[in-house]
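This report is meant to be read alongside the sequence and the 3D view. Please keep both open while working through the sections.

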Amino acid sequence: MTEHEHAASVGEDVELEAFRRLYPLEFLEKFLKDGVRPDGRPLGRARSTLISVGSLPHAEGSAMVKLGNTTMLAGVKLEVMTPSVDFPDEGRIVVDFQMPAICSPHVRPGRQSELEPVVSEQIRNALSSSMMVDLRELNIAPGKAAWMAYLDVYCLDSDGSLLDAALLATAAALADLKLPEVAVTDDGKVLPASSDVQEHRSLKNIQSKRLKLGKIPMALTCAVHPKYILPDPTAEEEAILKTTITVLTDFSGQLFSLYKPGGEVLASTSTVQDCFALAKYRGKELQKIFNNAVIDAEADDAMVED
Amino acid sequence: MAASRVSSYSLESQRVSLARGSSALISPEGVREDGRSPHECRPAFLQTGAVNAAAGSAYAEFGQTKVIVSVFGPRESKKAQAYSDIGRLNCNVSFATFAGSVRGKAGQSTEEKEYSQMLYKGLEGAVALHTFPKTTVDVFALILQSGGGDLPVVLSCASLALADAGIVMYDLVSAISLSRLDTNLLLDATLGEEINQDGSLMLACMASRNEVTQLLLTGEWSQANLSEGLKLCLDACTKLAGLMRSTLKESTSNIED
Amino acid sequence: MIELLKQKKKRTNGIKHCEIGWQSKLLSNSTYYRPCESQVLRLDTTIFETSRGTRMVHDRPDGRNPNQLRPLVCARGLLHRADGSARWSQDNTIVIAAVYGPKAISGRRENPARAVLEVIWKPKMGMAGPSEREAEFILKRTLEYIVLTAMHPNTAISVIIQVVSDDGGALSCAMNAACSALVDAGIPLKGLIAAVTCAVDKDGVIYLDPINKEEKEFHGHACLVFPGKPMSSFAPAGLALDSEPIERGIVTSVTKGILSAEDYLNCLERSRAASVKIAEFARSSLEKAQRGVELVVAS
């Protein structure tokens, strides 16, 4: 059903836009009562999701995710570091979520958005609890050199469920990450594989490879109304309902974490269980989309190598 | 603690590929690295409405250079600012950390500050500021990938975004840069060409009014070279303006459908 | 078990002495919570029966039973320049909260419909990083649930959290401190909240109020906030959950590490039970402390 058809049912005197601005909650509830949401989807459905990987040539791994209008661009850049004494065979992944001023009217340049550290922390938490990447995969020469992966996720368009999209972009960028072929000298100096081998003695070549991935984390944000649960809310729905629950699971529905930062509505045990069920369903859906995107990229790789 | 010594692996490899003489960048037959002739622009892709949360936005891709510009407003000016009869234009340019071959750092760099100022200067003359008194229009640009000629791409993209937001302008601003390598004039230079250039020229103009909003000249130029360069830029700007115009027309006809 | 209890007794005594030495002035309006022994004995019979069968329970470093909270201490009104303040401690985790406002603000943050809440989290040492920023966000959203912001439009209420020492559960400690400080400042509230942290080990055994070492060691831990049981008949429409009383709803849930769905639901039940105890303590401490303040004024 289009917005125009609804406008007629909303009331003759009040125009749709005015009604939407003056009585946002009533506006939303009118839709929910009919079992649809303002953007036309059924109550329990997430927005259409697109993943494309390998869009940034300067980054060793990259992914772009579109969740409805919400758009995320993630890029991984690699640097060589000296591993810590405690974990000589482990590299590091540093995740940063950025909301540049272009993404939303509420963000101003030079001032950090309130959500930036929140989403960053949640992504870090999800990566460490899911153990998606074994940090030993980033090892180059134990005790001497390892990869430091800087993963920056940029929000290009902000329209709700930021964590869901950002986490998906993070996972896809890591799946796309290809460690380059390098040569390592005896004292742990890392050189590009193409550099002159004659100069350095006892060079060891390390083949380029992709990371082996463990369980892949995903998030599903649900906006909570006393009567309804709306998965994957838009920015408008988030602002009206003021309460969200984010369920972090892997694709098989195994729970890692449940995040509900306050809000106006309380969650009962049954609400929580409903959210688990929605996340499980969404996990199956996302797994297909994710696998297709990543397999496509690998197929492209194979073509190039041939 | 772990990353006490971070060597820039990618930096070294990149330098190797970029530091070359001008002879490597253009063949004796006058063909550039990417197969263009010296006076040919890069393939351009323009699109309006890239960011839904903004009042107006545009995405531009010129070869390897990719930028997004969002426009917000006209909206309330900062409280601290004094009363103003005419509107204000607030410009900000930032680079994504993965825009270049070496990872950028968070926080505003001097380059970003300079670009923000240049963007403001380039647009100021084209926007009808008197149509939104007391308020501010914000123009924010994010350079997703830096591949040479970043500023002119941001400028053209910003004027498209302003038009998309319905801000009244005297004309669209189209901008193009040109690099001088020895005696060769290379239009719409790539990053590799820019690094090796002996002089550069950037021109932003309102093509249909035949007015220049910004002209930026670096390096040593002979009179003949300069006038030829200007002519080339003006010509390219007019063509780019045509492309921008048709992009806008397309986006409005899509809405009507 | 008797050994354990003895240890525990010694420890709480130690704390009391330490309190006196630390800031004796506070004692006049401080209230203590010490779990009584009979209660401990009653609860530990259930803890061995987890949903996955009978399990061994790890010895806790401080000799507590898995179902036992650390001794709570709450003092109010200790900062003279703030409009309201409270110090809340759970053994070695000590947090001071100060409330300023409602005060005038200007600029974009001003809201003509309601008061704006701002939370500043000061770590024990060093600068506030992203994790502190996240804690600020969580705290702000949680307090928005209880503060009746519509009563003071166009104003700001700031809550400043100073972590004095952190031995696990600083977030829940800060929530409880902030709630008491808001009461102390006389900010109109919808009700009280009670925050509990619990940790889960690999076998699914739940440990209430873990210390730092336990938080790191165990599989995952959760900080859960529940509304206090309403004392009056004032229960705003739309807040009651269908068929469930208000105090069973979750205000905030923040988890770290891995928690399976089953573990999470178990945590929820355990924390709910513990939150009742904390809410009772908070309420009684607020009542007692008020009397203490009156006494000071009279003399």
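This is a predicted model: local features need pLDDT of at least 70, side-chain atom pairs count only at pLDDT 80 or more; totals for chains, interfaces and linings use all residues.

## Chain A: overall make-up and domains

Chain A has 306 residues, of which 50% are buried, and its secondary structure comes to seven helices and 15 strands. When contacts in chain A between residues at least 6 apart in sequence are considered, 68% of them join residues at least 24 apart.

The domain assignment divides chain A into domain 1, which covers residues 1–36, and domain 2, which covers residues 37–305. The centres of these two domains of chain A, taken over C-alpha atoms, are separated by 36 Å. Where they touch, domain 1 of chain A contributes eight residues and domain 2 of chain A contributes nine; on the domain 1 side, the contacting residues comprise seven nonpolar and one polar, with no charged residue.

## Strand β6 of chain B and its partners

In chain B, strand β6 spans residues 135–145 and is mostly covered, with nine of its 11 residues buried. Which strands pair with β6(B), and in which direction do they run? Strand β4 of chain B, residues 65–76, runs antiparallel to β6(B) and is joined to it by nine bridges, with Val71(B) standing opposite Val139(B) of β6(B).

Strand β5 of chain B, residues 88–95, instead runs parallel to β6(B), and eight bridges join the two. In this pairing Arg88(B) stands opposite Thr136(B) of β6(B).

## Helix α4 of chain B

Helix α4 of chain B is made of 15 residues, numbered 150–164, and reaches 21 Å from its first C-alpha to its last, which is close to the 21 Å expected at 1.5 Å a residue. Is this helix, α4(B), enclosed or exposed? Because 15 of the 15 residues of α4(B) are buried, the helix is largely enclosed by the rest of the structure.

Just after α4(B), the backbone at Gly166(B) takes a positive phi of about 80 degrees.

## Contact between chains B and A

Chain B places 31 residues in contact with 32 residues of chain A. On the chain B side, at least two residues each are supplied by β1 (6–7), α1 (9–18), β4, β5 and β6 of chain B, and β6(B) gives the most, with four residues.

By class, the side of chain B that touches chain A has 15 nonpolar, 13 polar and three charged residues.

## Contact between chains C and A

The contact between chain C and chain A takes 33 residues from chain C and 24 residues from chain A. The elements of chain C that give two or more residues to this side are α3 (130–146), β12 (252–257) and α6 (261–298), and α3(C) gives the most, with 10 residues. Classified by residue type, the side of chain C that touches chain A holds 17 nonpolar, nine polar and seven charged residues.

## A recorded domain in chain C

For chain C, an unreviewed UniProt entry lists residues 68–188 as "domain: Exoribonuclease phosphorolytic". In the model, the end C-alpha atoms of this span of chain C lie 32 Å apart, and residues 68–188 are 26% helix and 35% strand.

Methods. Residues are numbered from 1 along each chain as its sequence is written. Chains are lettered from A and ligands numbered from 1 in the order in which they are written. A residue is buried if 20 or more other C-beta atoms lie within 10 Å of its own, exposed if 12 or fewer, and partly exposed in between; C-beta atoms are placed from the backbone. Two strands pair if DSSP finds at least two bridges between them. Two residues are in contact if their C-beta atoms, placed from the backbone, lie within 7 Å. Ala, Val, Leu, Ile, Met, Phe, Trp, Tyr, Cys and Pro count as nonpolar, Asp, Glu, Lys and Arg as charged, and the others, Gly among them, as polar. The expected span of a helix is 1.5 Å times one less than its number of residues. UniProt positions are given in the numbering used here, feature names are shortened, and annotations may be inferred rather than shown by experiment. Domain bounds come from an automatic or database domain assignment.
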